[in-house]
Structures are given as structure tokens and as C-alpha cells.
Amino acid sequence: MTEHMDPTKVIELVNNHMTAMTQIVRTHYGVVDKFVGDEIMAVFGGLKSYGNDAANAAACAVDMIRVREELNTQLDVPIDIGIGIATGEAVAGCMGSADRLNFTVLGARVNLAARLCGAASSMQAIIDQNTLKALGDSASANPLPELELRGFTDARTAFHLKSIATDPGTPKFQSVVSH
């Protein structure tokens with residue numbers, strides 16, 4: 001997409017995208033852990049739980065796709081996103097070298113979320129079985145064929161998240177406008 005773009009236009013495009021998506025993460029009580037190239041790593045419940053963290057992450061994913069589709073109507077070349085969500089325990093803390101540390105989360109669930117993100121098609125959110133279980137009847141999700149994921153010995157069951165019902169504890173969705 002950016003092969004023939006001026007580098008300053010690429011930075012502007014990525015920054016506008018990241019700004020819009022970061023606002024959505026915050027709206028759903030998430031924390032942006034880091035930016036990795038054009039990827040956003042967000043954590044829900046890692047620093048503080050706001051109740052159903054899996055529901056907040058799922059609602060965030062659905063909202064990110066909706067807003068990205070809206071913002072794409074303003075672009076000559078649309079930006080496609082894929083999202084992976086895995087629910088479970090992780091270790092949160094500072095990691096790095098003696099002279100440079102960054103806060104992050106580590107663990108099998110973090111790795112699974114990253115692999116699900118990589119397996120997601122354009123404008124698709126993929127969730128693991130733990131997330132689907134945590135969402136209960138509030139989620140509409142279709143099963144996917146078993147996924148062979150790098151770093152995991154067994155195939156993984158995953159689901160294409162289509163929608164999630166909101167409850168009174170879930171924040172109201174806001175459209176995000178990027179300039």
C-alpha cells in the first residue's frame with residue numbers, strides 16, 4: 001500500500017490510524033501496551049480490571065473495525081485491519097535491559113493473541129475459546145477451521161467475532177474522527 005507513497009505521507013497515514021484506534025482502546029477501558037510497526041498491542045484488565053475485560057476487548061475490536069470502515073470512505077486506498085483476542089493469565093511488568101525497560105505483558109495468551117491477529121483476514125476479529133466462553137450469550141461468533149499456529153504444538157480452536165451485545169456496564173461507543 002505504501003510502496004510508492006512519500007514517507008511523510010506514510011507517517012501521517014499511520015499516525016492518523018493509530019490515533020483513531022487508540023481512542024477506541026481507551027473508550028473500552030484498554031491500555032495501549034505498544035505500537036509494533038503498524039500494529040497496536042492493547043491490554044484489557046492488565047493494570048486494573050473494569051469487570052468483564054473480555055467483553056471490553058471484544059467490544060473494542062468490533063468498534064475498531066466499524067470505525068476503520070467509516071474512516072476508509074475518506075481514503076483513496078483503504079486500510080484493512082485484522083484483530084486477535086485471547087483471554088487468560090499473563091505476567092505484567094517491566095522488561096528489557098538494565099538501561100532500558102518497557103512495561104509489557106508476557107505469556108502464552110499474549111502469544112496466542114498475536115498469532116490470532118496474524119491469522120485474521122481483512123476486517124476480521126478472531127477470538128479464542130476462552131474469550132468466547134467469557135462472553136457467553138452476548139457474542140455472535142462463527143467457528144473457524146482449526147488453526148495451526150506458530151509456537152503452539154496443537155491446533156487451536158478459534159472463532160470469527162461478528163458482534164457483541166452491550167450491557168449497562170459497557171461504555172457508550174463513540175465514533176472517532178481522524179484529521
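A polar atom of the Asp-128 side chain sits 3.3 Å from the backbone nitrogen of Thr-87. This is a predicted model, so local features need pLDDT of at least 70 and side-chain atom pairs 80 or more, while totals for chains, interfaces and linings use all residues. Numbering runs from 1 along each chain as its sequence is written, and side-chain values use heavy atoms, leaving out hydrogens and water.

**Asp-128**
- You'll find Asp-128 in strand β6, residues 124-128 (strands are DSSP E runs of at least two residues, helices H or I runs of at least four, numbered from the N terminus).
- Asp-128 is buried at 2% relative accessibility (buried is under 20%, exposed over 50%, partly exposed in between, with a 1.4 Å probe and protein chains only).

The backbone nitrogen of Thr-87 sits 3.3 Å from a polar atom of the Asp-128 side chain. This is a predicted model: local features need pLDDT of at least 70, side-chain atom pairs count only at pLDDT 80 or more, and totals for chains, interfaces and linings use all residues. Residues are numbered from 1 along each chain as its sequence is written, and side-chain values use heavy atoms, with hydrogens and water left out.

**Asp-128**
- You'll find Asp-128 in strand β6, residues 124-128 (strands are DSSP E runs of at least two residues, helices H or I runs of at least four, numbered from the N terminus).
- Asp-128 is buried, at 2% relative accessibility (buried is under 20% relative accessible area, exposed over 50%, partly exposed in between, with a 1.4 Å probe and protein chains only).

**Aromatic pair**
- There's one aromatic pair (ring centres of Phe, Tyr or Trp, its six-membered ring, within 6.5 Å; planes under 30 degrees apart are stacked, over 60 edge-to-face, the rest tilted).
- Tyr-29 and Tyr-50 are stacked, with ring centres 4.6 Å apart and planes at 15 degrees.
- Tyr-29 is in the α1-β1 loop and Tyr-50 in the β2-α2 loop, so the pair ties together parts 21 residues apart in sequence.
- Tyr-29 is partly exposed at 33% relative accessible area, and Tyr-50 is partly exposed at 40%.

Conventions: Polar contact = N/O pair within 3.5 Å; in protein donor to acceptor, adjacent residues only side chain to side chain.
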